[in-house]
Amino acid sequence: MEAAGNPKMLKAQLLWFLGIATTIKLLLIPSYHSTDFEVHRHWLAITNSLPLSQWYSDETSQWTLDYPPFFAYFERFLSVFARLVDLQIVDLHHGLNYKVNSAIYFQRISVIVSDLFLFYGVYRLTSNLASLKRNLVWVLVLWSPGLMIVDHMHFQYNGFLFGWLLLSISFLAQKRDLMGGFLFAVLLCFKHLFAVAAPVYFVYLLRHYCWGGLVRGFARLSVMGAVVVAVFAAAYGPFVYYGQIQQVIRRMFPFGRGLCHAYWAPNFWVFYIMLDKGIAFFLRKFGFNIPVPAASFTGGLVGDASPFSILPQITPVTTFIMVLLALSPCLIKAWRDPRPLMIARLVAYAYTCGFLFGWHVHEKASLHFVIPLAVVAVESLEDAKHYFLLSVVSCYSMFPLLYEAQEYPIKVLLLLLHSILMWFCFSAQFSNNIATKVTLQADKKASQSLLKQKASQSEQKGSSRTAAEKGGFVLGWVAKSYVFGILVVEIWGQFLHPYLLGDKFPFVPLMLISVYCALGISYSWIWQLEQILLLSF
């Protein structure tokens, strides 16, 4: 296997990746941005204009602060520089809906700069990999079209947060469990939605770090507990002091938003909604008086409940139990076989469970498992095929985030270019692996007899070429058909539906995207579970 390479060469290669990614991000600055842009601008104003005791109680705008305290501190840090650029950016009242170039460029560039943390996390996680695998992971993560769409067009700071996650995984992979646990605790105090993987971390660290003798185990458990408590105390302590902790918790967990987002994330609840609507439709056809819920899912509204006509109503507790049940095989595996190299796979599976069965899931949350699975994708041919399909589905499911016409060519081009790049990179890696294995088998057979050496070499060279041609990165007909189906769904929603139906049934294109992508992500969940239970690491 090829050596990992010297640090100077690795940093030079990373700078090359950084340069290309930054160039693309700078070109995207004038593109569409969602209401999240104003959300984060207002958070700059809140944290800069008000004392800490009022951050989570301010209602100057509807975009109230609802992230954990470390992210609020992060916004406070950014606001110091925002003041230097344009004072009105951080003005609590006069800055509302402030969208001049100074604000746009500052906030866009703040996301680009904070992505340096993602680059460091990827660099540290892959520094010991062979060069081909390392570069492939960099392609999958640093040039991710999903991250480009969500962070650098739609507008968020996910790259910064994923940097913390990848750093945590990198330390766990090196058996530095205390540091890995510390970094994950810090991440939870930046964004609490990452807590879906907390049961995996708890079980893994308890078994791998704390288990082993009463005295040693208790001492390590105490140290780990003290580290986690210290992190949460630093985050939430000031708000406990000011008597604001209940308000902070209320803002962080707004369960009244309903089961589904206005655009359905492609998860299990899509099928549940469709089943409910299908049964209700047929019952009405047979004369039954089935009322239409006030907050209809197809109306694009966010209700205070889960409005189903026939099937049982879903509550946050129901989704919590379902996520835990889906997680249970993973937790059992983490307890029985707590290997450091498994952690990325276990964490990704946990986030897949949260995405499929969670309460009020956003479509962009698929990045929570797509990003860590990039590390797993380079390990085997089957992992690569799975990741290719999942990455395409995840990115396509985010297309509705960019609904303006001028962004349409950009999102399509980002997905196509990245898909082509993934295809060539995976093909290069796994065709080479197959040829190498066949060559090694040829050498072993050739050593058995000098008389058979020439015949064996000739035979194996031919089989090497055949294996490289027939094997390698080739999708099966089911996967190819599914990818082709994405094209069909897009052609219908973008071109045929407006032409044939006009303004009728405007929810159908979004519904088709959600349902079709939910099929792919559900398959991914089943596939990941199978690998965790059966794969020999």
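I took helices (H or I, at least four residues) and strands (E, at least two) as DSSP runs, numbered from the N terminus. The model is a predicted one, in which local features need pLDDT of at least 70 and side-chain atom pairs count only at pLDDT 80 or more, while totals for chains, interfaces and linings use all residues. Residues are numbered from 1 along each chain as its sequence is written, and side-chain values use heavy atoms, with hydrogens and water left out.

Phe-155, placed in helix α7, has a positive phi of about 95 degrees although it is not a glycine. For burial I used relative accessible area, with buried meaning under 20%, exposed over 50% and partly exposed in between (1.4 Å probe, protein chains only). Phe-155 is buried at a relative accessible area of 0%. Phe-505 also has a positive phi, near 50 degrees, but it lies in the loop between α20 (477-501) and α21 (508-534) and is partly exposed, at 48%.

I noted 21 helices and zero strands, and 53% of the 537 residues count as buried. Taking a contact as heavy atoms within 4.5 Å, I found that residues 24 or more positions apart account for 77% of the contacts with a separation of 6 or more.

Where does Ile-89 lie? I found Ile-89 in the loop between α3 (69-85) and α4 (101-114), and it is buried, with a relative accessible area of 0%. Leaving out residues up to four places away in sequence, Ile-89 touches Arg-41, Leu-44, Ala-45, Ala-82, Tyr-98, Ser-102, Ala-103 and Phe-106. From Ile-89 to Gln-107 I read 9.8 Å, C-alpha to C-alpha, for residues 18 apart in sequence.

I counted rings of Phe, Tyr and Trp (its six-membered ring) as a pair if their centres lie within 6.5 Å, with planes under 30 degrees apart called stacked, over 60 edge-to-face and the rest tilted. The structure holds 47 aromatic pairs. Tyr-272 and Phe-308 form an edge-to-face pair, because their planes stand at 90 degrees, with the ring centres 4.9 Å apart. This pair links distant parts of the chain, 36 residues apart, since Tyr-272 is in helix α13 (268-285) and Phe-308 in the loop between α13 and α14 (316-336). Tyr-272 is buried at 14% relative accessible area, and Phe-308 is buried at 6%.

I took a charge to sit over a ring if NZ of Lys or CZ of Arg is within 6 Å of the ring centre and within 35 degrees of the ring normal. The charged end of Arg-207 sits over the ring of Trp-335, 5.2 Å from its centre, and Arg-220 lies over the face of Tyr-209, at 4.6 Å from the ring centre.

On a 1 Å grid over the protein atoms alone, I took a cavity as a set of points where a 1.4 Å probe fits but cannot get out, with lining residues having an atom within 4 Å of a point. Among the lining residues I noted Tyr-387, Cys-395 and His-418.

Note on methods
1 Å grid on protein atoms, 1.4 Å probe; cavity = no way out; pocket = protein on both sides within 12 Å on 5 of 7 lines; lining within 4 Å.
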